Structure formats: C-alpha cells, structure tokens
Amino acid sequence: MEIAKLGEFGLIDRLTKDLKKNNESTKYGVGDDCAVLSYPDSEVLVTTDMLMEGVHFDLTYIDLKHLGYKSAMVNISDIFAMNGTPRQITVSLALSKRFSVEDVELFYEGLRLACEKWGVDIVGGDTTSSYTGLAISITCIGEARKEDIVYRNGAKDTDLICVSGDLGAAYMGLQLLEREKSVYYSQVDDLQKKIAAAQKEGDQDKIINLKSQISNLAQPDFSGKEYLLQRQLQTEARGDIVRKLREAGIRPTAMMDISDGLSSELMHICKQSGVGCRVFEKELPIDYQTAVMAEEMNMNVTTCALNGGEDYELLFTVPIGDLEKVKELDDVHLIGHVTDQKFGQVLVTRDNQEFELKAQGWNPLK
C-alpha cells in the first residue's frame, strides 16, 4: 500500500493503535500535540540520535525490521550509559516514495521489539516526506535518581577502567558486509556490460541467459561469521550490565557507551575528567570470530577493537576499592587504570611498548 493512501495521520493511527503503557510516568502518549510525562521524584534524562540512509545504514544489507530494532537500541543505550532507566521514546521518520506502508510496519515491528525488551513506551514523533531516502530521528527519555546519575567527568586517578562484552565485532561485521556487497555489485556490473554488448549484437538468447545469471547470483556464505553479523545488525543495549553493577553495589565514577570506538570514548572521559589513562592491549576483550575475520582481511585486530565503533558496550571507571567486586561480574573486563593527566592517554602493547592513544573511530562529519 502506498503511504499517500493513508496519509500522515492514518499511518500514525495504523502504527500506534494498540500501543500499551508500561510506565507510570507515561501519563499520555500518542494522540495529542504533546506527550505528557511525570517524574516527581527523579531526574529526567533525554537523548536524541539521527540516522541517515547512506551515512549510518545501508538498506542493501540491513532489513527494515532490524533497522527499527537498532534505531531504538542505540538511543536506549545512551540512557543506560548515564546509569538511568529508559522509559519513553519518540520516533520521527522522513520517507521517500519507494517505501510502502508494509515497509514502515516492518520498521515499527523491530522498534517495538526493542522497546518491549526494556519496557519502553512509544509516546509520539513525526512523519514527513524525503527526496533523499530514509531519515530516522529518535528521542529517548529516561529517569534516574540525582545521586545515581553517572557522567563522563567523574573519573579519578587510580580508578579502574572496565568494559562490558567484547570489542571490534560490529566493525568486522560491517567490513564483511561491505566486502560481500562489493563482490556482488562487481559481478552485476560485469554481467550488465555483457548484456549491453549482446544488445548491440541483437542476441536475445544471450541477453536472457545473462539476465538469468544476475537473478541467480550466489548468495554470500556467512557460516562461521554469524556473531559478527549479529553484532552489526542486531545492536543490544547493555542494561543487563547496569543492573549487575547496581546489584553488586558498584557505582561507576564515569561511564559512556562505545558507539564511535573505545579510543575515542576513553579520550572523551579523560578530557572531561581531567585525567590520563593506561590501557593494556593484552586485556582487550576480543571474540574469536573478530580475530579470524581481521586476519582474513589483513587488518590489525587491536586497531579494530580500539577504533571500530558500534559495539554499544559500556565503558566505565570504578574506584580501585571495588576491584574484587568487579572481578566477580560476568562479562565485565578490566582493561586498564586512570592516571594523572600529565601521563597522557597510553596504550601498553603486549611487548610492553607504550603508544599514545589516538581517536581514529567513526566521525560522521569527516
């Protein structure tokens, strides 16, 4: 169905007709000029992310359901990175005419799965037209007690530096998808050139055969690389780590999620906290598939782990007195410690050489 047949308000009604509230703070959601929220005893956290087709995602290899899921998760992750609890989101879309109503429903299906996982309410947004593809803007609203909020500027000398999960897998998943996309279009381009030549010759049988070859091009074999694709296409916010920290009685001194690469995020914390750091290469958590893929592509796996981006793991610092508590946490890794600012930001290699950390991760404006 063409979106124009429903119109803006008809589309909104169709996408949101059976939304149910999960949070008491949601007083009124979709259906009026504003959502109405109530937070009488806590601080309100607000974050916004914009995702642009051709910059942040490629519909050649991510379907709309996964894109909806990922779009919600990257915003929810920001609330967890402040040690908060996500409660509501608003969703704004700019759509070109190539998208149908069913396409947008698929996007919302993924969006709602992500929200249901963390008990988040969809409370509003906007839809409009686009001449340049799909644009997505999501705002996530959360809450936290004033004393629980963790900023980037609280790291102190001797604090421990920790990360959740593993690093570099999402980046290697992207490299894998880009490689296979390049191979596919190279084959298509070659066959289309042959079709053009056959058309000049007037050889209809050859044209039909070549077009059939395009339709039957072999799909890439991703066996053994499923985890890399999952990390790139099905982003997960680490609310489970926030919960584990609370249960263990650990309050991070600084925290953020890893969207642009570990090096970049760590340098943000150091700059805003006025400190230095030492990170140890041997302690960086790297999955086996990530290491194998990096070797296959002749890439340095440590560079991928430091600068890859889109891991959406949590990077945080804790007081040294919490060392034993941290050691007890599953899926949390101690990778270094905070130092005095005068010592700079340093990576210590496996052979004990020291190099200055550089922010080489994702820069959308570069």
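**Exercise 1. Is F80 buried or exposed, and at what relative accessibility?**

Solution. F80 has 6% relative accessibility, so F80 counts as buried. The scale: buried is under 20% relative accessible area, exposed over 50%, partly exposed in between (1.4 Å probe, protein chains only).

The model is predicted: local features need pLDDT of at least 70, side-chain atom pairs count only at pLDDT 80 or more, and totals for chains, interfaces and linings use all residues. Residues are numbered from 1 along each chain as its sequence is written, and side-chain values use heavy atoms, without hydrogens and water.

**Exercise 2. Classify the ring pair of F80 and W118.**

Solution. Step one: recall the rule. Rings of Phe, Tyr and Trp (its six-membered ring) pair if their centres lie within 6.5 Å; planes under 30 degrees apart are stacked, over 60 edge-to-face, the rest tilted. Step two: a search of the whole structure finds three aromatic pairs. In one of them, F80 and W118 are 4.9 Å apart centre to centre, with 70 degrees between the planes. The pair is edge-to-face.

Step three: check W118. At 21% relative accessibility, W118 is partly exposed.

**Exercise 3. Classify the ring pair of Y184 and Y185.**

Solution. The centres are 5.3 Å apart. The planes stand at 80 degrees, so this pair is edge-to-face. Now the accessibility. Y184 has 33% and counts as partly exposed. Y185 has 42% and also counts as partly exposed.
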